[in-house]
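I hope they are handy to keep beside the viewer.

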Amino acid sequence: MPVIKILPHPEYCPQGAEITAPSGTSICEALLDNKINIEHACDMSCACTTCHVIVRQGLNSLNEAEEEEEDLLDRAWGLEPQSRLSCQAILAKEDVTVEIPKYSINHAKENH
């Protein structure tokens, strides 16, 4: 099973974490299953950007982003070339390292 290394995030994962998840699982599902409560305002239907992550290692092992995801990512806070919506990024067999951005569009609106 692939390992997901989550870099420290002050709210969701202050110490950072390493979790495992079966191939075929989205990064978002894996985080939620392991009590890392990343935002996912659209219930993982690829309709928002709140589950945006930056894949620091292992990007090429994930499924390719589809046009709908690419269009949404254009609106994500802190967009980088390695950005993915975690609800659309499906694990294969390789380990990945992800960073949860400090803010999401929801954070900015909700005064976090």
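This is a predicted model: local features need pLDDT of at least 70, side-chain atom pairs count only at pLDDT 80 or more; totals for chains, interfaces and linings use all residues.

1. Residues are numbered from 1 along each chain as its sequence is written, and side-chain values use heavy atoms, with hydrogens and water left out.

2. **Overall dimensions.** The C-alpha trace spans about 35 × 35 × 25 Å along its principal axes. Of the 112 residues, 46% count as buried; buried means under 20% relative accessible area, exposed over 50%, and partly exposed in between (1.4 Å probe, protein chains only).

3. How many salt bridges does a search of the whole structure find? The search gives three, a salt bridge being a side-chain nitrogen of Lys or Arg within 4 Å of a carboxyl oxygen of Asp or Glu. In one of them, Arg 56 meets Glu 80, with 2.7 Å from N to O. Glu 80 sits in the loop between helix 2 and strand 4 and Arg 56 in strand 3, so this pair ties together parts that are 24 residues apart in sequence. Arg 56 also forms a salt bridge with Glu 99, the closest N and O atoms being 2.8 Å apart. Because Arg 56 lies in strand 3 and Glu 99 in strand 5 (residues 96–99), that pair ties together parts that are 43 residues apart in sequence.

4. **A buried pair.** Glu 69 and Arg 84 form a salt bridge whose closest N and O atoms are 2.7 Å apart. This pair links distant parts of the chain, with Glu 69 in helix 2 and Arg 84 in strand 4, 15 residues apart. Are the two partners buried or exposed? Glu 69 is buried, at 2% relative accessibility, and Arg 84 is buried too, at 4%.

5. **A negative patch.** Glu 64, Glu 66, Glu 67, Glu 68, Glu 70, Asp 71 and Asp 74 form a negative surface patch. Patch members have over 30% relative accessible area and no salt bridge, and like charges are joined within 9 Å. Asp 74 belongs to the loop between helix 2 (67–73) and strand 4 (83–85), and Asp 74 is exposed, with a relative accessible area of 58%.

6. Two residues here deserve a look at their backbone angles. Most residues other than glycine have a negative phi. Asp 43, however, has a positive phi of about 55° although it is not a glycine, and Cys 46 has a positive phi near 60°. Asp 43 lies in the loop between helix 1 (27–33) and strand 3 (52–57), and Cys 46 is in the loop between helix 1 and strand 3 as well. Asp 43 is exposed, at 61% relative accessible area, whereas Cys 46 is buried, at 6%.

7. **Contacts across the sequence.** Met 44 is also found in the loop between helix 1 and strand 3, and is partly exposed at 31% relative accessibility. Met 44 and Leu 85 are 41 residues apart in sequence and 9.1 Å apart in space, C-alpha to C-alpha. Ser 23, in the loop between strand 2 (17–20) and helix 1, is partly exposed at 39%. Which separation do the C-alpha atoms of Ser 23 and Lys 93 show? They are separated by 5.9 Å, although the two residues are 70 residues apart along the chain.

Notes:
Patches are made of residues with over 30% relative accessible area and no salt bridge: like charges are joined within 9 Å, nonpolar side chains (Val, Leu, Ile, Met, Phe, Trp, Tyr) within 5 Å. Accessible areas come from the Shrake-Rupley method with a 1.4 Å probe; for residues, only the protein chains shown count as cover. Lys and Arg count as positive and Asp and Glu as negative; His and the chain ends are not counted. The place of a charge is taken as NZ of Lys, CZ of Arg, CG of Asp or CD of Glu. Helices (H or I, at least four residues) and strands (E, at least two) are DSSP runs, numbered from the N terminus.
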